Amino acid sequence: MEIKFEIGTLNNVVGKGITRKFIRLQQEAPITDDELASSVEHECTLSRADIKAVFEALRYHIFHSLSSGRRFHIPKLGYFSLAASLADPEQQKITGRDIFLRGIHFQPENALMNDLRRNICFTQASYITQSVAYLPDELWGKVSDYLSTHHYLTCRIMRTEFGLSERKARQWLARFVQQGMLKKEGTPHLPLYFLAE
């Protein structure tokens, strides 16, 4: 099945005077609430076991709608649609082979977004997923300063005190142990790290 697209251009990309092409998909009208209800009604009934069949039916209809260039609407939730990009934005002649599927967008209905806005709040997390970048000597200075007033280190302490992700904290601890700067004790589930003597 074919999906139609248009080529657009962005002028002065990132203020550098560069012109870049982008893809705009021509999407057909989304499946309506009645079409969805009618389709699912013909494929399953609503018993406990059949709820799984409803999920399969939804996936089936989402797949086929998106494959034919239509958006897919789930009543009271929102719309799914395809997103595509150019493999090489600088290419002059563009055909369908130069486009790749980037992902599936979801656009929630306003009522859903409004309900979410009214019922959620944001607080700062104790941990981060991205790490502060350190040079080895810089981080070791902070670690040794910490251990001058504290008995031991843990991965959790590395994360909270020095702004590291869990993966980076474990990597740094393993590195300091390997270099003989720290010694590892404790249990496999709660390793403790001490200054090496």
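Arginine 71 lies over the face of tyrosine 79, 4.4 Å from the ring centre; a charge sits over a ring if NZ of Lys or CZ of Arg is within 6 Å of the ring centre and within 35 degrees of the ring normal. The model is predicted, and local features need pLDDT of at least 70, side-chain atom pairs count only at pLDDT 80 or more, and totals for chains, interfaces and linings use all residues. Residues are numbered from 1 along each chain as its sequence is written, and side-chain values use heavy atoms, with hydrogens and water left out.

Five aromatic pairs are present in the structure. Rings of Phe, Tyr and Trp (its six-membered ring) pair if their centres lie within 6.5 Å. Trp140, Trp172 and Phe176 are linked into a cluster by ring pairs.

Trp140 of α4 also takes part in the contact with α6, where Pro136, Leu139, Trp140 and Val143 meet Trp172, Arg175 and Phe176 (contact means heavy atoms within 4.5 Å). By class, this contact of α4 with α6 has six nonpolar, no polar and one charged residues; Ala, Val, Leu, Ile, Met, Phe, Trp, Tyr, Cys and Pro count as nonpolar, Asp, Glu, Lys and Arg as charged, and the others, Gly among them, as polar. Helices are DSSP runs (H or I, at least four residues) numbered from the N terminus. The α4 and α6 axes are 12 Å apart, at an angle of about 90 degrees; axes are lines fitted to C-alpha atoms over the stretch in contact, and angles run from 0 to 180 degrees between N-to-C directions. This makes α4 roughly perpendicular to α6 (65 to 115 degrees).

Helix α4 (residues 136-147) packs against α5 at an angle of about 110 degrees, with axes 12 Å apart. The two helices α4 and α5 are therefore roughly perpendicular. Leu139, Lys142, Val143 and Tyr146 of α4 contact Ile157, Met158, Glu161 and Phe162 of α5. The classes in this contact of α4 with α5 are six nonpolar, no polar and two charged residues.

Helix α5 (residues 155-162) and helix α6 (residues 166-178) pack at about 115 degrees, with axes 9 Å apart. α5 is thus roughly perpendicular to α6. Cys155, Met158 and Arg159 of α5 meet Glu166, Ala169, Arg170, Trp172 and Leu173 of α6. By class, the contact of α5 with α6 has five nonpolar, no polar and three charged residues.

Technical notes
Rings of Phe, Tyr and Trp (its six-membered ring) pair if their centres lie within 6.5 Å; planes under 30 degrees apart count as stacked, over 60 as edge-to-face and the rest as tilted. Angles under 35 degrees count as roughly parallel, over 145 as roughly antiparallel, 65 to 115 as roughly perpendicular and the rest as oblique.
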